[in-house]
Amino acid sequence: MACQELVEVITGYLEGTLPEFDRGRFETHLASCASCREYLEQMRALIRLTGKLTTRSLEPETVDSLLSAFRRWRDSQTVL
Amino acid sequence: MVEMRSAEADLVDRLRGGDEAAFVCLVNAYSASLKRLALAFVPIEAVAEDVVQDTWLAVLTGIARFEGRSSVKTWIFKILANRAKTRAIRERRTINFSELDDPFEPDQPAVDPARFLPASHPMWPGHWASPLDTWSASAEDAVVGRETMGVLQRELDRLPASQRVVVALRDVQGWPAAEVCDVLGLSEANQRVLLHRGRSRLRAVLENYFKDNA
C-alpha cells in the first residue's frame with residue numbers, strides 16, 4: 001500500500017469496515033512507515049479534540065417558554 | 001429487550017400523561033445535541049434556537065401518535081432534521097442538501113497530491129515526498145488547548161453542510177454510525193465518505209495551524 005492510498009482508506013480502517021485483506025496491507029504499511037503512523041495518530045488526536053468541543057445549550061428564556069408551552073399543552077389535554 | 005425499552009417507554013407514558021418532570025428530563029437530555037444539529041443545518045444561533053423550540057412543540061403534539069417503532073431519541077432528531085432543512089431553505093441559505101444524497105464529488109483527495117511522490121517515481125510512487133511533521137502527541141496539550149479548540153470549531157463551521165452534520169453527530173456528539181444514517185437517511189457508505197472528507201479537511205487545517213505555530 002502506498003501512503004497516498006492509506007490516507008484515503010483510513011476512515012474505513014478506523015470504522016472497522018475495511019475488508020480483511022486491505023486491513024492487512026494497511027497494517028503492514030504502517031509497520032514500515034513512520035509518517036503514516038504519525039498521520040494515523042493525528043487523525044486519532046483530531047477525533048479526541050473534536051469530542052471535546054462544547055455544545056451550546058438552550059438559552060434560559062427558551063427553556064422558560066418551552067415550559068409555558070408544555071403547561072398549555074397539558075391543560076388542553078386535560079380539557080379534552 | 002423488554003427491560004431495555006422499559007425506561008424509555010415509561011418516559012413516553014409519563015409525557016403523554018402530562019408529567020412535567022418527564023418533559024424536563026427529555027429537554028435537558030437532548031436540547032444541546034438538537035441545537036448542535038440545527039446549527040449544522042442553519043449556522044445562525046437564533047434560528048437554531050427557534051428550530052429546537054419548534055421541535056419540542058412538535059414532540060408534544062405528536063407524542064400521542066408516537067408508535068415506538070424507532071427510539072424516542074431517533075424520532076425527535078428526525079423531526080428536528082426535517083424542520084432544520086425546511087428552515088434552511090426558507091432562510092435562503094445556499095446549502096446544497098443534495099450533497100447528502102450524493103457525496104461523491106470527484107477529486108476531493110484527503111491530502112494534497114503534491115505532498116506525494118509522483119506515480120512515475122521509480123522507487124516510491126505515491127509515498128510521502130517528505131516526512132510528516134509530528135504534532136499528534138502535543139495536539140492535546142493544555143497550553144495550546146483553548147486556541148486549538150477555537151480553530152477546530154471555526155473550521156467545523158466552515159465545512160460543507162453535509163460533512164459538518166455528519167462530523168458533528170459522530171465526533172462531537174459521539175453517535176454511532178448507524179444512528180447517524182437513520183436520522184439523516186444516509187447509506188452507511190455515504191455516511192463514511194462524508195465523515196472521511198470532513199475529518200481529512202479538519203486534519204489538514206490542524207496541520208497548517210501547528211506548522212504556523214511551531
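Tutor: B:Thr61 is a residue of helix α3 of chain B, which covers residues 45-62. Please bear in mind that this is a predicted model.

Of its 214 residues, 35% count as buried. Among the contacts in chain B with a separation of 6 or more, 64% are between residues 24 or more positions apart.

The domain assignment divides chain B into domain 1 (2-90) and domain 2 (101-212). The centres of these two domains of chain B, taken over C-alpha atoms, are 29 Å apart. Ten residues of domain 1 of chain B and twelve residues of domain 2 of chain B take part in the contact between them. On the side of domain 1 of chain B that touches domain 2 of chain B, α2 (20-41) and α4 (72-90) of chain B each supply at least two residues. The largest share of this side, five residues, comes from α2(B). By class, the side of domain 1 of chain B that touches domain 2 of chain B has six nonpolar, two polar and two charged residues.

The angle between α2(B) and α4(B) is about 30 degrees, and their axes are 9 Å apart. Why are they described as roughly parallel to each other? Angles under 35 degrees count as roughly parallel, and α2(B) and α4(B) are therefore given that description. The crossing of α2(B) past α4(B) is right-handed. From α2(B), the residues B:Tyr30, B:Leu34, B:Leu37, B:Ala38 and B:Phe41 meet a set in α4(B) that includes B:Ile76, B:Phe77, B:Leu80 and B:Ala84. This contact of α2(B) with α4(B) has eleven nonpolar, no polar and two charged residues; B:Lys73 and B:Lys85 are among the residues that α4(B) brings to it.

B:Asp157 belongs to helix α6 of chain B, residues 142-158. With 12 other C-beta atoms within 10 Å, B:Asp157 is exposed. B:Asp157 and B:Ala40 are 117 residues apart in sequence, while their C-alpha atoms are 7.4 Å apart in space.

The contact between the chains takes 44 residues from chain B and 40 residues from chain A. On the side of chain A that touches chain B, α1 (3-15), α3 (34-50) and α4 (60-79) of chain A are the elements that give two or more residues. Of these, α3(A) gives the most, with 13 residues. The side of chain A that touches chain B divides into 17 nonpolar, 13 polar and ten charged residues.

Within chain A, helix α1(A) also has packing partners. With α3(A), α1(A) makes an angle of about 35 degrees, and the axes are 11 Å apart. The crossing of α1(A) and α3(A) is right-handed. Among the residues that meet here are A:Leu6, A:Val7 and A:Ile10 in α1(A) and A:Tyr39, A:Leu40 and A:Met43 in α3(A). By class, this contact of α1(A) with α3(A) has nine nonpolar, one polar and no charged residues.

With helix α2 (residues 20-32) of chain A, α1(A) packs at an angle of about 120 degrees, with the axes 11 Å apart. The helices α1(A) and α2(A) are therefore oblique to each other, and their crossing is left-handed. Here A:Leu6, A:Val9 and A:Tyr13 in α1(A) meet A:Asp22, A:Arg23, A:Phe26 and A:His29 in α2(A). The residues of this contact of α1(A) with α2(A) divide into four nonpolar, one polar and two charged.

Key. Residues numbered from 1 in each chain as written. Chains lettered and ligands numbered in written order. Predicted model: local features only at pLDDT ≥ 70, side-chain atom pairs only at ≥ 80, totals over all residues. Domains from an automatic or database assignment. Contact = placed C-beta atoms within 7 Å. Helix = DSSP H or I, 4+ residues; strand = E, 2+ residues; numbered from the N terminus. Nonpolar A, V, L, I, M, F, W, Y, C, P; charged D, E, K, R; others polar. Buried ≥ 20, exposed ≤ 12 C-beta atoms within 10 Å, placed from the backbone. Axes fitted to C-alpha atoms, helices over the stretch in contact; angles between N-to-C directions. Parallel < 35°, antiparallel > 145°, perpendicular 65-115°, else oblique. Left-handed = near helix turned anticlockwise from the far one by under 90°.
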